[in-house]
Amino acid sequence: MILQTALLALGATLAAAVQPLEVKDNYFINPKTGNRFQIIGVAYQPGGSAGYKPQEGFDPLSRPEHCLRDAALMQVLGVNTIRVYNLSPDLNHDECASIFNAAGMYMVLDVNSPLVGESLQNFATWESYYDTYLNRTFAVVEAFKDYPNTLAFFSGNEVISDIPSGKVVPPYVRAVTRDLKEYISLHSDRPIPVGYSAADVRDVLFDTYNYFQCHEEGDDKDMSHGDLFALNSYSWCGDSDFKKSTFDDLVEGFKESSVPIFYSEYGCNEVTPRIFTEVGTIYGPEMTGVFSGGIVYEYVQEDNNYGLVDVKEDGTAKILPDFYAFRDQVAKLDHKALQSMKPPSGPANKAPVCSPKLIKTKGFANNFTLPVLPPNAPEILKAGVKPKPVGKLVNVDSWKVTFKVTNPDGSTVSDLEVKPLSNDETNQPGTNTVNEGDNPTKTGSSASESSSNAAVAGFGAAGAPALALGAFAFVAGFAL
Ligand SMILES: *[C@@H]1O[C@H](CO)[C@@H](O)[C@H](O)[C@H]1NC(C)=O
Ligand SMILES: *[C@@H]1O[C@H](CO)[C@@H](O)[C@H](O)[C@H]1NC(C)=O
């Protein structure tokens, strides 16, 4: 009886929700406080892109006991956002969305997946833009639009990675952005921003930005420009700095952006163990005026070795040393100051006007005529997806993590559970802690190792960001 009352009381706290955020000019804004929001995120891709198996009945947000384990550990990390890549609109995500909401975390969601027919391909793109593809992306919107912690949708991820793809793909991604925005404006109770997640390939990065962000002159109703722009950037390796990492060029390149800019992935692993010193810079005075934070790659360990936690098939998990290294950097930030910045007064940055002159790289698309909707799509757009997936917050019976979780030194993490936050709160360091055993980042060995690798880091940053990124895109398998 007492237990039941306690559970009910806990369930009741689920009415608490994060405040849905809005985009105003080039910032994410909490409309209740008027404060800017900085994304402190982690990419959440359990099983990797190959682990997305909707036909077997699961995706990253469909297994509540897994989400509980990961939300609890992410509370310890201090993050406030997850990015999820591969989602099936036909699975139930209510419990996981409710868990992450209660844990104070927003969700940035890719509408595409690596499966055939579920994303645009970067060759013969016109062959992958058709009715059932669009229907699926709209269904993802339906499935997630009613959760308060849905922060944004990505209409594409790294579909453009070089000049050949830059020649054919841009009109299609811009068309998908248009279609998603129209769908949201017709069927969602609140605006949810839609944008593109770019590969940080400097040859095409700013043309990509300009192509997606420009406004058609004299067409106020045009919905095809992105509401935000994000990039996957791996140019800060090891003990680098603002200049050496070329993050300074990104700030310079995006300083007049009309939409929010953030890293949709970061966390180079050319130098290991990772020490995540970029965190202090991303959330420091050199960057926060232009960037709205970033999403570290990635929560779950895969073959490509970017993970913070090694999750086994049976649900048990081992915390990796990078987990504590990242947590320690996030913990150093002044979160109160960081999340209470006001947007500057004065005129907002103006979007570029669409014109062939805007595109600097020869061979990159400079024609802004977009493909028209495929034959049956106007009806789906107007009437809505049928049958319609519906998402809603639900009560969670227990916040306790049922899987065994161990520290890098093999000690067991005891009493791990999600700490539900109160209304309008987002997660930050200190909301949840664990017994961390003999955490190797405490010993200081990682610091000496990283400085001996500084030369390597410098080379990686100056010479090979595009290369590193290309290899990554291949491994992750998104640039289909
Ligand atoms: C559209 O999406 C819904 C939800 O996933 C699905 O049930 C339906 O079969 C799809 N319709 C078409 C025409 O693809
Ligand atoms: C731009 O593309 C459209 C549609 O493919 C085409 O009709 C038009 O001729 C193109 N414009 C130029 C200047 O190439």
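**Entry 1: helix 4 and helix 6**

I looked up the crossing of helix 4 and helix 6 in this predicted model and found that the crossing is right-handed. Helix 4 covers residues 131-144 and helix 6 covers residues 170-187. I noted an angle of about 45° between them, with the axes 10 Å apart. Because of that angle, helix 4 is oblique to helix 6; the cut-off for roughly parallel is under 35 degrees.

I then asked which residues of helix 4 and helix 6 meet. On the side of helix 4 I listed Tyr133, Leu134, Thr137, Phe138, Val141 and Glu142. Their partners in helix 6 are Val176, Asp179, Leu180, Tyr183, Ile184 and His187. By class, the contact of helix 4 with helix 6 has eight nonpolar, two polar and two charged residues.

**Entry 2: helix 2 and helix 3**

I turned to helix 2, residues 64-77, and helix 3, residues 94-102. Their axes lie 9 Å apart and the packing angle is about 15°. Helix 2 is therefore roughly parallel to helix 3, an angle under 35 degrees being counted that way. The crossing of helix 2 and helix 3 is right-handed.

Helix 2 contributes Pro64, Cys67, Leu68, Ala71 and Met74 to the contact, and helix 3 contributes Glu95, Cys96, Ile99 and Phe100. I recorded eight nonpolar residues, no polar residue and one charged residue in the contact of helix 2 with helix 3.

**Entry 3: helix 7 and helix 8**

I next examined helix 7 (residues 202-213) against helix 8 (residues 247-254). The pair packs at about 25°, and 11 Å separates the axes. This angle makes helix 7 roughly parallel to helix 8. I also noted that helix 7 and helix 8 cross in a right-handed sense.

From helix 7, the contact takes in Arg202, Leu205, Phe206 and Tyr209; from helix 8, Asp249, Leu250, Gly253 and Phe254. Five residues of the contact of helix 7 with helix 8 are nonpolar, one is polar and two are charged.

**Entry 4: ligand 1**

Which residues are around ligand 1? I found Pro89, Asp90, Thr132, Asn135, Ala139, Val385, Lys386 and Pro387. I looked up distances for Asp90 and Asn135. An N or O atom in the side chain of Asp90 is 2.7 Å from an oxygen atom of ligand 1. For the side chain of Asn135, the corresponding distance from an N or O atom to an oxygen atom of ligand 1 is 2.4 Å.

Key:
Residues are numbered from 1 along each chain as its sequence is written. Chains are lettered from A and ligands numbered from 1 in the order in which they are written. This is a predicted model: local features need pLDDT of at least 70, side-chain atom pairs count only at pLDDT 80 or more; totals for chains, interfaces and linings use all residues. Side-chain values use heavy atoms; hydrogens and water are left out. Axes are lines fitted to C-alpha atoms, for helices over the stretch in contact, and angles run from 0 to 180 degrees between N-to-C directions. Helices (H or I, at least four residues) and strands (E, at least two) are DSSP runs, numbered from the N terminus. Angles under 35 degrees count as roughly parallel, over 145 as roughly antiparallel, 65 to 115 as roughly perpendicular and the rest as oblique. A crossing is left-handed if the near helix is turned anticlockwise from the far one by less than a right angle, and right-handed if clockwise. Contact means heavy atoms within 4.5 Å. Ala, Val, Leu, Ile, Met, Phe, Trp, Tyr, Cys and Pro count as nonpolar, Asp, Glu, Lys and Arg as charged, and the others, Gly among them, as polar. A residue is near a molecule or strand if one of its heavy atoms lies within 4 Å of it. A polar contact is a pair of N or O atoms within 3.5 Å; within protein, one must be able to donate a hydrogen and the other to accept it, and residues adjacent in sequence count only if both atoms are side-chain atoms.
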